[in-house]
Amino acid sequence: FYALREGLAIVAEEGIGARWERHRRNHEALVAGLEALGLTMNVERPEHRLWPLNTPRVPDGISDLAVRKHLMDNYGIEILGGFGPLAGKIFRIGIMGVDSTEENVVFFLDKFEEALREQGYEAAGSGKDAAEAYYRSVMAEA
């Protein structure tokens, strides 16, 4: 109960609207970065996606396990693969709670691209640059 109380206090302190907006903004930046890398989202329609759980498709010829192992072994970043009929076909990337930050999204995209390239993937562009451009555009609108 103490942990629940503290968690709810953190949400109340930030404000539910601000927290909601932060998760939306970081999801959209992550998707912009993933798409810049040339990846496609498993859920095609943006309005059907979950902001805290992102599921890009694993590119052809790439081992999702090797990418995930690289991230964990080198950076302590844990992402999961698909299960059931999606095993080996998607990555499950969570950006939620206190981990849903601009810094984490940009850092993740940089290291994710590195892990993909290590497996022979040729990225279409820079995920990190695309996310940073998205954040700049959001700040310009504010």
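Visitor: Which helix does Lys111 lie in?
Guide: Lys111 is in helix H4, residues 102–118. Helices here are DSSP runs of H or I with at least four residues, strands are runs of E with at least two, and both are numbered from the N terminus.

Visitor: Before we go on, where does the model come from?
Guide: This is a predicted model, where local features need pLDDT of at least 70, side-chain atom pairs count only at pLDDT 80 or more, and totals for chains, interfaces and linings use all residues. Residues are numbered from 1 along each chain as its sequence is written, and side-chain values use heavy atoms, with hydrogens and water left out.

Visitor: Okay, back to Lys111. Buried or exposed?
Guide: Lys111 counts as buried because its relative accessibility is 13%. Buried means under 20% relative accessible area, exposed means over 50%, and partly exposed is in between (1.4 Å probe, protein chains only).

Visitor: And what is Lys111 in contact with?
Guide: Leaving aside neighbours within four places in sequence, Lys111 is in contact with Leu71, Tyr75 and Ile77. Contact means heavy atoms within 4.5 Å.

Visitor: Which residues touch the most other members of the largest nonpolar core?
Guide: Phe108, Phe112 and Leu116 do, in a core of 29 residues. The elements giving two or more residues to this core are helix H2 (16–36), helix H3 (64–75), strand E3 (91–94), H4 and helix H5 (127–141). H4 brings the largest share, seven residues. By nonpolar core I mean a set of buried Ala, Val, Leu, Ile, Met, Phe, Trp, Tyr and Cys residues joined through side-chain atoms within 4.5 Å.

Visitor: New topic: loops. Where is Ser100?
Guide: Ser100 sits in the loop between E3 and H4. Ser100 is buried, with a relative accessible area of 0%. Leaving out residues up to four places away in sequence, Ser100 touches Arg22, His23, Asn26 and Ile95.

Visitor: What about Gly61, buried or exposed?
Guide: Gly61 counts as exposed, at 80% relative accessibility. Gly61 is in the loop between strand E1 (53–54) and H3.

Visitor: How many Å apart are Gly61 and Ser100?
Guide: They are 30 Å apart in space, C-alpha to C-alpha, and 39 residues apart in sequence.

Visitor: Let's zoom out. How many helices and strands are there?
Guide: The protein chain has five helices and three strands. Along the sequence, the pattern is α-α-β-α-β-β-α-α.

Visitor: How many of the residues are buried?
Guide: Of the 142 residues in the protein chain, 37% count as buried.

Visitor: Last one: what does the C-alpha trace span?
Guide: Along its principal axes, the C-alpha trace of the protein chain spans about 45 × 40 × 30 Å.
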